[in-house]
Structure formats: C-alpha cells, structure tokens
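Please look at the sequence and the model first, and then follow the text with both in view.

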Amino acid sequence: MGQVLDTGEQLMVPVEVLEVGGEGALWKFLLSGAMAGAVSRTGTAPLDRAKVYMQVYSSKTNFMNLLGGLRSMVQEGGVRSLWRGNGINVLKIAPEYAIKFSVFEQCKNYFCGVHGSPPFQERLLAGSLAVAISQTLINPMEVLKTRLTLRRTGQYKGLLDCARQILERDGTRALYRGYLPNMLGIIPYACTDLAVYEMLRCLWLKSGRDMEDPSGLVSLSSVTLSTTCGQMASYPLTLVRTRMQAQDTVEGSNPTMRGVFRRILAQQGWPGLYRGMTPTLLKVLPAGGISYVVYEAMKKTLTR
C-alpha cells in the first residue's frame, strides 16, 4: 500500500493506495492514515503554530525568527499555548481524508476504469480535484484552526465560541476567507509534488533498483522531498491564505488576495512571501518520520 506522509499541509493522493486490496482495504488505510496524521500533527504542533505566528506577525519592523516566535508564544500563554489550534487540526483529518480519497477513487475509475493506473496527466488532474473538493468543504475548519492558533489567552472559550464570535462579527462569508489563494495554491503544489516524485522514481529505476517494492527509506525520502518541494512552490499563496483568514488580527476588514500581496511586498519585499518557511521545512522530516512509524504500526495491527 502506498505511503502517505501527513505534515499538516495539502496532501496529494498516491495512486498506489487504491490499487492494492480493493475497496475493502480503503477503510484500513483511512484509519491508519488518520491516526498517523493525528500523532504527527500533535508532535509537530509547536512548529506549526510558530509558522502561523511568523506568517501573520512578522514584518520589516518586527522581524521574527523561529526562536523569537516560540519565546513570544510561551511568554504570552505558557508552554501549553504551543499546542493552541491543534485540537481542530486533528479533528479535521478524518473528513479531509474521507472526502479526498473518495473523490480520488471516483476520478481514477473515471479516467482508467476500476483497474489500472492513470498516466501522469490524469493522476495530476484526479489528485488536484480531490484536494480542491476536500479543501472547499473543510475551509471553515481551516479558518477556525487559524483563529484558534493565533488566539490570545482567554479570547475564546473553545471551538464553538470561536465559531460563534466569527459568525456574529463577520458573517458566514468569513468562514471562506482565503479560499481563492487556497485553491490557486493547489496547482503549483500538485504539479511540483508529483513531478519531483516521478523524477525521483525514474532516477531509481535507471539506477537498477527495484521500485515495485521500494524500501521504507526510499519511500520515506522520495515522498518527503517531493512534499517539501510542493510546499515551497505554493508557499506564497499559503501565506496569503493565512493572512486573509487572520484578517481581524492584522489586515483590517475584508482583505482581498491582491491587497494582501501588495501589503506584504510593500512592507517586507519578496522575502516577506516566505516568512515562516523555516518551521515549515523543519517540521517536514519529523512529521514524515512520525507519520511513517505510526502508519506502519496501525497497518500491521489492522491486518492481523
């Protein structure tokens, strides 16, 4: 069964997942993947919160590095504050996985029948559609996660109170802030992720190694590198999405994507579009490793 590394960012669907074992194995994969994602996201939650904190609050006059961001969060709310927003981040894994893999399976069957592997272009389209539909449905949870991650001590009593305050102050449309850059970010992410993975696969094949049953290290390193490249390609749009979702904190009323881009470039220049990239890159390897170990353990448990 194909390996999925959940780092808390956009996740492409490996086609191999749905090629082995038929539909009966899908629920085992979803359960194993959800558990692996929950553990890896919880383990790397401080880095994820530091990333969001730096994306929103770092500026030319308030340059914030990783240690400075972590220090500011601990001073404001204690060590436990490093896990703010992690609850809903874990909570949205199950619906996100279920929607994404169900849509991907239908697209795959449409493109190449129940059996068979789609070529690169069809795989790219099927994966992008799966991510787009899942992100459309869970975008309100993404907004809530961003607000809860950035909340000050005592600002919200919990998830429901956060949702209530957003709806009362900004209306239903606020739950879809950042939707446009989120959708646009799928294109560079998917293209780069799959292209790098296919390139690495071709290199391994040319070297004479067996890629039909690659070792865990080969699978881990290939997917980690392709995921990292995908995140870097789409990062400016991810940053803009986060700034729009946190608009009541820093951007004023109803910021547009173009307006946020202009503001970042005017205040910080092109490097400003990559604020928070350090914790993003630092969490890829531990998140991937944790996800890999937990996923393999869950898969063995469920197949006994």
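This is a predicted model, in which local features need pLDDT of at least 70 and side-chain atom pairs count only at pLDDT 80 or more, while totals for chains, interfaces and linings use all residues. Residues are numbered from 1 along each chain as its sequence is written, and side-chain values use heavy atoms, with hydrogens and water left out.

**Overall make-up**

The secondary structure of the protein comes to 12 helices and 0 strands, where helices (H or I, at least four residues) and strands (E, at least two) are DSSP runs numbered from the N terminus. Read from the N terminus on, the elements run α-α-α-α-α-α-α-α-α-α-α-α. Of the 304 residues of the protein, 52% count as buried; buried means under 20% relative accessible area, exposed over 50%, and partly exposed in between, with a 1.4 Å probe and protein chains only. Among contacts (heavy atoms within 4.5 Å) between residues at least 6 apart in sequence, 77% join residues at least 24 apart. The protein exposes about 14000 Å², of which carbon and sulfur atoms supply 62%; accessible areas come from the Shrake-Rupley method with a 1.4 Å probe, and for residues only the protein chains shown count as cover.

K51 lies in helix α2, which spans residues 45-57, and with a relative accessible area of 4% K51 is buried. Leaving aside neighbours within four places in sequence, K51 is in contact with E9, Y235, G276, P279, T280 and K283; P279 and T280 are among the buried residues of α12. Y57 is also found in helix α2, but at 24% relative accessibility Y57 counts as partly exposed. The C-alpha atoms of Y57 and L150 are separated by 9.8 Å, although these two residues are 93 apart along the chain.

Helix α12, residues 277-302, has 26 residues and reaches 36 Å from its first C-alpha to its last, close to the 38 Å expected at 1.5 Å a residue; the expected span is 1.5 Å times one less than the number of residues. A kink of about 30 degrees lies at V284 in α12, shortly before the proline P286, the bend at a residue being the angle between axes fitted to the seven residues ending there and the seven starting there. The buried residues of α12 include M277, K283, V284 and E296. In helix α11, which covers residues 257-268, L265 is found, and L265 is partly exposed with a relative accessible area of 30%. Not counting residues up to four places away in sequence, L265 touches W270 and L273.

**Salt bridges**

Side chains of opposite charge can pair when their charged atoms come close. A salt bridge is taken here as a side-chain nitrogen of Lys or Arg within 4 Å of a carboxyl oxygen of Asp or Glu, and by this rule the count comes to 12 salt bridges. The table gives some of them.

| Salt bridge | Closest N to O distance |
|---|---|
| D161 and R164 | 2.5 Å |
| K299 and E296 | 3.6 Å |

E96 and K100 are 4 residues apart in helix α5 (residues 93-112), and are therefore separated by about one helical turn. E96 counts as buried at 2% relative accessibility, and K100 is buried with a relative accessible area of 0%. E96 and K100 also belong to a network of salt bridges that links R41, K92, E96, K100 and E142.

D161 and R164 are 3 residues apart in helix α7 (residues 159-170), so they too are separated by about one helical turn. D161 is buried with a relative accessible area of 11%, whereas R164 counts as partly exposed at 40% relative accessibility. In helix α12, K299 and E296 are 3 residues apart, which likewise means about one helical turn between them; K299 is partly exposed, with a relative accessible area of 22%.

**A nonpolar surface patch**

V74, V79 and W83 make a nonpolar surface patch of about 260 Å². Patches are made of residues with over 30% relative accessible area and no salt bridge, like charges being joined within 9 Å and nonpolar side chains (Val, Leu, Ile, Met, Phe, Trp, Tyr) within 5 Å.
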